[in-house]
Amino acid sequence: MWYKVTHNWNFMRIIRLGLGLMVTIQSIQYGEYWFALVGVLLSGLAVMDMGCASGACSAPPRSSASKEPNVLSTQKEITYEEVGN
């Protein structure tokens with residue numbers, strides 16, 4: 001667990017930690033302790049590198065061996081029908 005806390009820090013993780021600390025500090029200054037709990041939660045998620053920030057929890061891309069044709073790559077001829085008055 002200590003390895004996860006001390007390694008793989010990137011710009012977004014630092015931003016998340018900074019925003020969590022900012023929410024915590026501001027809420028304590030204004031006496032809004034429920035928001036301080038939210039700030040601690042946000043900071044903890046950044047420290048533990050958990051959560052879905054910046055699309056980290058997205059679904060894996062589809063494999064190219066899929067049997068479904070790609071809609072963008074298939075060219076279909078479009079036929080139009082004139083509608084009378």
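The following questions and answers go through a predicted model of one protein chain.

Trainee: What should be kept in mind about numbering and confidence?
Mentor: Residues are numbered from 1 along each chain as its sequence is written, and side-chain values use heavy atoms, with hydrogens and water left out. As this is a predicted model, local features need pLDDT of at least 70 and side-chain atom pairs count only at pLDDT 80 or more, while totals for chains, interfaces and linings use all residues.

Trainee: How many helices and strands does the protein chain have?
Mentor: Helices (H or I, at least four residues) and strands (E, at least two) are DSSP runs, numbered from the N terminus. Read from the N terminus, the elements run α-α-α. The count is three helices and zero strands.

Trainee: What share of the 85 residues in the protein chain is buried?
Mentor: Buried means under 20% relative accessible area, exposed over 50%, and partly exposed in between (1.4 Å probe, protein chains only). By that rule, the buried share of the 85 residues is 12%.

Trainee: Is Arg-13 buried or exposed?
Mentor: Arg-13 belongs to helix H2. Its relative accessibility is 2%, so Arg-13 counts as buried.

Trainee: Which residue has its ring under the charged end of Arg-13?
Mentor: A charge sits over a ring if NZ of Lys or CZ of Arg is within 6 Å of the ring centre and within 35 degrees of the ring normal. The charged end of Arg-13 lies 4.0 Å from the centre of such a ring, and the residue is Trp-9.

Trainee: What is the phi of Asp-49?
Mentor: Most residues other than glycine have a negative phi. Asp-49 is partly exposed because its relative accessible area is 33%. Although Asp-49 is not a glycine, its phi is positive, at about 55 degrees.

Trainee: Where is Asn-8 found, and what is its phi?
Mentor: Asn-8 is in the loop between helix H1 (2-6) and H2. Its relative accessible area is 58%, so Asn-8 is exposed. It is not a glycine, yet its phi is positive, at about 60 degrees.

Trainee: Which backbone oxygen does the side chain of Ser-27 reach?
Mentor: Ser-27 lies in helix H2. Ser-27 is buried because its relative accessible area is 5%. At 2.9 Å, its side chain reaches the backbone oxygen of Thr-24.

Trainee: How far apart in space are Ile-14 and Ala-46?
Mentor: Ile-14 is found in helix H2, and it counts as partly exposed because its relative accessibility is 49%. Ile-14 and Ala-46 are 32 residues apart in sequence; in space, C-alpha to C-alpha, they are 7.5 Å apart.

Trainee: Which residues form the nonpolar patch on the surface?
Mentor: Patches are made of residues with over 30% relative accessible area and no salt bridge: like charges are joined within 9 Å, nonpolar side chains (Val, Leu, Ile, Met, Phe, Trp, Tyr) within 5 Å. Accessible areas come from the Shrake-Rupley method with a 1.4 Å probe; for residues, only the protein chains shown count as cover. Phe-11, for one, counts as exposed because its relative accessibility is 65%. With about 500 Å² of accessible area together, the patch consists of Phe-11, Met-12, Ile-15, Leu-19 and Met-22.

Note on methods. A salt bridge is a side-chain nitrogen of Lys or Arg within 4 Å of a carboxyl oxygen of Asp or Glu. A polar contact is a pair of N or O atoms within 3.5 Å; within protein, one must be able to donate a hydrogen and the other to accept it, and residues adjacent in sequence count only if both atoms are side-chain atoms.
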